[in-house]
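Biologist: I am new to this structure. Could we go through it by question and answer?

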Amino acid sequence: NVKFFVYDMWRPYTKLAQTFFPNVKSIVDKYHFIRKVTWAIENVRKRLQRSMLVFRRKYYKRSRKLILTRYIKLKDENKQT
């Protein structure tokens, strides 16, 4: 009677769901999904930063919060940035 399997992306949970509940919908919980996305964005920002000139690198180092903030929540002056 299980219809949904909510988990935190840990591989044993994925295998457990596939083994014991082959016909359920697997759902990753929101916290772990957002954390993975945030880490991916941070890794891209850091990788790009390494290839920039020093003054740009310093600017983007301080822009972490700006990059991770939802566009809707940004003030007008930060939207252009």
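Biologist: Leaving aside neighbours within four places in sequence, which residues is I41 in contact with?

Modeller: This is a predicted model, so every value here is computed from it. I41 is found in helix α2. Set aside its neighbours within four places in sequence, and its contacts are I67 and L68.

Biologist: Is I41 buried, partly exposed or exposed?

Modeller: Buried would need a relative accessible area under 20%, and exposed one over 50%. I41 has 35%, so it falls in between. The class of I41 is partly exposed.

Biologist: How many Å separate the C-alpha atoms of I41 and K30?

Modeller: Along the chain, I41 and K30 are eleven residues apart. Their C-alpha atoms are separated by 16 Å.

Biologist: How do α2 and α3 run relative to each other, roughly parallel or roughly antiparallel?

Modeller: Helix α2 covers residues 30-50 and helix α3 residues 54-61. They pack at an angle of about 165°, with axes 9 Å apart. Angles over 145 degrees count as roughly antiparallel. Therefore α2 is, relative to α3, roughly antiparallel.

Biologist: What is the hand of the crossing where α2 passes α3, and which residues make the contact?

Modeller: The crossing of α2 past α3 is left-handed. On the α2 side, the contact is made by R45, Q49 and R50. On the α3 side, it is made by R57, Y60 and K61.

Biologist: By class, how many nonpolar, polar and charged residues are in the contact of α2 with α3?

Modeller: Tyr counts as nonpolar, while Lys and Arg count as charged. For the contact of α2 with α3, the tally is one nonpolar residue, one polar and four charged.

Biologist: In what order do the elements of the protein run from the N terminus?

Modeller: The protein has five helices and two strands. From the N terminus on, their order is β-α-β-α-α-α-α.

Biologist: Why is the protein said to be more spread out than a compact globule?

Modeller: For 81 residues, the globule rule gives 12 Å. The C-alpha trace spans about 55 × 30 × 15 Å along its principal axes.

Biologist: What share of the 81 residues is buried?

Modeller: A residue counts as buried under 20% relative accessible area. Of the 81 residues in the protein, the buried share is 14%.

Biologist: Which residue has a positive phi although it is not a glycine?

Modeller: Most residues other than glycine have a negative phi. Here, a phi of about 75° belongs to a residue in the loop between β1 (4-7) and α1 (11-20). That residue is M9.

Biologist: Where does T69 lie, and what is its relative accessible area?

Modeller: T69 sits in the loop between α4 (64-68) and α5 (76-80). T69 is partly exposed, with a relative accessible area of 27%.

Definitions and conventions
Residues are numbered from 1 along each chain as its sequence is written. This is a predicted model: local features need pLDDT of at least 70, side-chain atom pairs count only at pLDDT 80 or more; totals for chains, interfaces and linings use all residues. Side-chain values use heavy atoms; hydrogens and water are left out. Axes are lines fitted to C-alpha atoms, for helices over the stretch in contact, and angles run from 0 to 180 degrees between N-to-C directions. Helices (H or I, at least four residues) and strands (E, at least two) are DSSP runs, numbered from the N terminus. Angles under 35 degrees count as roughly parallel, over 145 as roughly antiparallel, 65 to 115 as roughly perpendicular and the rest as oblique. A crossing is left-handed if the near helix is turned anticlockwise from the far one by less than a right angle, and right-handed if clockwise. Contact means heavy atoms within 4.5 Å. The radius of gyration is taken over C-alpha atoms; the globule rule is 2.2 Å times the number of residues to the power 0.38. Buried means under 20% relative accessible area, exposed over 50%, partly exposed in between (1.4 Å probe, protein chains only).
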